[in-house]
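Hi,

Here is the structure I said I would pass on.

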Amino acid sequence: MPPGDAALGSEEAVPGSRHPATPTAPTSPADREARDTRVIWLLLAATFVVFLNETIMSVAIPELVDDLGVTLTAAQWLTTAFMLTMAVVIPITGFLLQRFRTRPVFGTAMSLFSAGTLLAALAPGFEVLLAARIVQATGTAIMMPLLMTTLMTLVAPSDRGRIMGRVSIVMSVAPAIGPAISGLILNSLGWRYMFWLVLPIAVAMLVIGLRRVTDVGQTRVFPIDLGSVVLSAFGFGGLVYGLSLVGGVVSGRAPGDAVPMWLALAIGAVGVLAFILRQVALQRTDRALLDLRTFRTRNFAVSIAMMAVMMAALFGTIILLPIYLQDVLGLEPLATGLLVLPGGLVMGLLGPTVGRLYDRVGPTPLLVPGSIVVSGVLWSLTLVTETTPPWMVLVAHVTLSTALAFMFTPLFTSALGSVEPRLYSHGSAIVGTLQQVAGAAGTAMFITVMTASAATAEAGGTDAIAAQAAGVRAAFLVGAIVSVFAIVGATMVRRPADMVQAPAAH
């Protein structure tokens, strides 16, 4: 038996065979429902903690530069390395969630996150802190696919929208309040306390989860394909890394990164293509690291395409608005953070409400108006100038966040609800991978257009601030044009066929 199978059960397993989870399920429906609810809330809480940590470092970069004696470029690797690790690990979770049971996967994820948090708090220098962030990211990358797969397995199709709406709180509120919490900690304590304050919460989640989380679904014993792992790392890691360099190269802040950027993008593109071809071949024997047969379902493919557009718009706006508010309107960083905070909170807090609406009316009545409003806000942002009042930007951001809330929960639920139950783990991994790649692509697209347009305007004699405003308008114009395609896609997403059927098996 391969290492680690002891945690999976004592029976001998035949490669490719399936065996059920440990028989710990309660016998009565009430007990089973209570168990499932407990598992879901524990996973939601744990995922909230790890996602909160993902954005907590952004505000601390300047202090780390001074305290650790590193350059700003080096310090940015604390964020870049985290993002790269997520892009590399998430595609592998499709295999992990089919191969190993829920409890050991949860324990591994939270143990890695807790260990990385402790190492970061104790880090004597930059190198150790960077290693700690990579360990944290490895645990974080596992948690979201684990949460999504568990939800799809435990929750009845007719209730998935309501429960999936709670995932929006994790995805939106945690990253939104991360920088604010970081700022408060840095104002009174050192940067290490960002980790010391998170550590006991993470450990508590780990201990409670190991006692309360039960194994759900079935596992299937088959060997991991190392070739796919290598191709995944080069493919998705190369794309995300190359896209992260685009802004610096185009703006001229890091012209020396031009060759690494193009090389990384080329390696990424070739790697992803080779990865896809290998998965298609391995699918014939059910040994794919990331099973792409999910895309045979039209509803999944359309939902994923729309999700990519919305993620690109979200991440592009997140990176562009602070630049506009500070460099064009002259707001202080604290004021900028407070201005964009309400949008993230609104997006997350609306999640459960949107989820309940989804269960009642399906995706189309939510997606069509949501996509129209998203497009409308992006078009309105093409009119911003160096004299636009900040309150108008606040209204636009909150409106955009509200519209995105009406899109993400229906898209997640429709996409995953449309695939076969045996492919839930792969569908969840694809969604997570898409978030990383689409987010990086959206950021690169907005920054590239903004920088190039601003440079052109300034070369034509426009003053620096007005030129920056022109660049921001041009970037939002590209985003607005792309958003029109999402309106068309919104009319094509359908309610999964099993939404009105009996509750899913436990």
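This is a predicted model: local features need pLDDT of at least 70, side-chain atom pairs count only at pLDDT 80 or more; totals for chains, interfaces and linings use all residues.

Aromatic pairs first: the count comes to five. In one of them, the ring centres of Trp-191 and Phe-195 sit 6.3 Å apart with the planes at 85°, and since anything over 60 degrees counts as edge-to-face, so does this pair. Trp-191 and Phe-195 are both buried.

Phe-236 and Phe-275 make another edge-to-face pair, at 5.5 Å centre to centre and 75° between the planes. Phe-236 belongs to helix 8 (residues 226-251) and Phe-275 to helix 9 (residues 258-283), so this pair ties together parts that are 39 residues apart in sequence. Phe-236 is buried, and Phe-275 is too.

Now the helix pair. Helix 10 (residues 298-328) and helix 14 (residues 390-417) have axes that come within 10 Å and cross at roughly 155°. Angles over 145 degrees count as roughly antiparallel, so that is how helix 10 runs relative to helix 14. Their crossing is left-handed.

As for who touches whom, helix 10 brings residues including Phe-300, Met-306, Met-310, Leu-314, Thr-317 and Tyr-324. On the helix 14 side, the residues they meet include Val-393, His-397, Leu-404, Phe-408, Phe-412 and Ser-414. What does the contact of helix 10 with helix 14 look like by class? It has 18 nonpolar residues and five polar ones, with no charged residues.

Cheers

Note on methods
Residues are numbered from 1 along each chain as its sequence is written. Side-chain values use heavy atoms; hydrogens and water are left out. Rings of Phe, Tyr and Trp (its six-membered ring) pair if their centres lie within 6.5 Å; planes under 30 degrees apart count as stacked, over 60 as edge-to-face and the rest as tilted. Buried means under 20% relative accessible area, exposed over 50%, partly exposed in between (1.4 Å probe, protein chains only). Helices (H or I, at least four residues) and strands (E, at least two) are DSSP runs, numbered from the N terminus. Axes are lines fitted to C-alpha atoms, for helices over the stretch in contact, and angles run from 0 to 180 degrees between N-to-C directions. Angles under 35 degrees count as roughly parallel, over 145 as roughly antiparallel, 65 to 115 as roughly perpendicular and the rest as oblique. A crossing is left-handed if the near helix is turned anticlockwise from the far one by less than a right angle, and right-handed if clockwise. Contact means heavy atoms within 4.5 Å. Ala, Val, Leu, Ile, Met, Phe, Trp, Tyr, Cys and Pro count as nonpolar, Asp, Glu, Lys and Arg as charged, and the others, Gly among them, as polar.
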